[in-house]
Amino acid sequence: MPTMTLLDRTLDVDAEGFLQKPEQWTEEIASEIAAQNGIPALTADHWKVVRFMREKYLGTGAAPSIRTLGKESGVDIKGLYRLFPKGPAKLAAKIGGIPKPKGCI
């Protein structure tokens, strides 16, 4: 399994940099991953979506789809794309320290 070092921690990741062990995640790591992906600071709405992604994944074993995110996270689809321009479900999962959602390219 590939690894990357972030904030002096070695993390297990896949080839695209998604954490493979959600228990290695911290909010500091989330902020660093966000910065590396073009989001210099996470706002309250970013955190709302990231925490929703983590809760859904940890509760069900699967990351929510973009449709579910838009309906249940408290941020509509348009808002999701404003917050995470390169693909909300994929980027929010990466920042949230969970594996890439199924169906994301």
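Analyst: Start with contact. Two residues are in contact when their heavy atoms lie within 4.5 Å. Keep in mind that this model is predicted. Now take helix H2, residues 44-60. What covers its buried residues includes helix H1 (27-36), helix H3 (66-72), helix H4 (77-83) and helix H5 (88-95).

User: Which residues of H2 are buried?

Analyst: Buried means under 20% relative accessible area. In H2, these are His46, Trp47, Val49, Val50, Phe52, Met53, Arg54 and Tyr57.

User: How many residues does H2 have, and what span is expected?

Analyst: Count 1.5 Å a residue. H2 has 17 residues, and 24 Å is expected. From its first C-alpha to its last, H2 reaches 24 Å, close to that value.

User: What follows H2?

Analyst: Look at the backbone angle phi. Gly61 follows H2, and its phi is positive, near 85°. There is a glycine to look at after H1 too: Gly38, just after that helix, has a positive phi of about 85°.

User: Why do the buried residues of H1 line one face of the helix?

Analyst: General idea first. An α-helix has 3.6 residues a turn, so residues three or four places apart point the same way. Now the case here. Ile29, Ala30, Ile33 and Ala34 are the buried residues of H1. Seen down the helix axis, they fall within an arc of 140°, so they line one face of H1. Their cover includes strand E1 (3-6), strand E2 (9-12), H2 and H5.

User: At what angle do H2 and H5 pack?

Analyst: Compare the two axes. H2 and H5 pack at about 80°, with their axes 9 Å apart. Angles of 65 to 115 degrees count as roughly perpendicular. H2 and H5 are therefore roughly perpendicular to each other.

User: Which residues meet where H2 and H5 pack?

Analyst: From H2 come Val49, Val50 and Met53. From H5 come Ala89, Ala92, Ala93 and Ile95. The residues of this contact divide into 7 nonpolar, no polar and no charged.

User: Let me zoom in on Ala93. Is Ala93 buried or exposed?

Analyst: Check the relative accessible area. For Ala93 in helix H5, that value is 0%, so Ala93 is buried.

User: What is Ala93 in contact with, leaving aside its neighbours within four places in sequence?

Analyst: Ala93 is in contact with Phe18, Met53, Ile98, Pro99 and Pro101. Sequence and space can also be set side by side. Ala93 and Pro64 are 29 residues apart in sequence, and their C-alpha atoms are 9.1 Å apart in space.

Terms used:
Residues numbered from 1 in each chain as written. Predicted model: local features only at pLDDT ≥ 70, side-chain atom pairs only at ≥ 80, totals over all residues. Heavy atoms only, no water. Helix = DSSP H or I, 4+ residues; strand = E, 2+ residues; numbered from the N terminus. Expected span 1.5 Å × (residues − 1). Buried < 20%, exposed > 50% of the residue type's maximum accessible area, 1.4 Å probe, protein only. Arc of directions from axis to C-beta. Axes fitted to C-alpha atoms, helices over the stretch in contact; angles between N-to-C directions. Parallel < 35°, antiparallel > 145°, perpendicular 65-115°, else oblique. Nonpolar A, V, L, I, M, F, W, Y, C, P; charged D, E, K, R; others polar.
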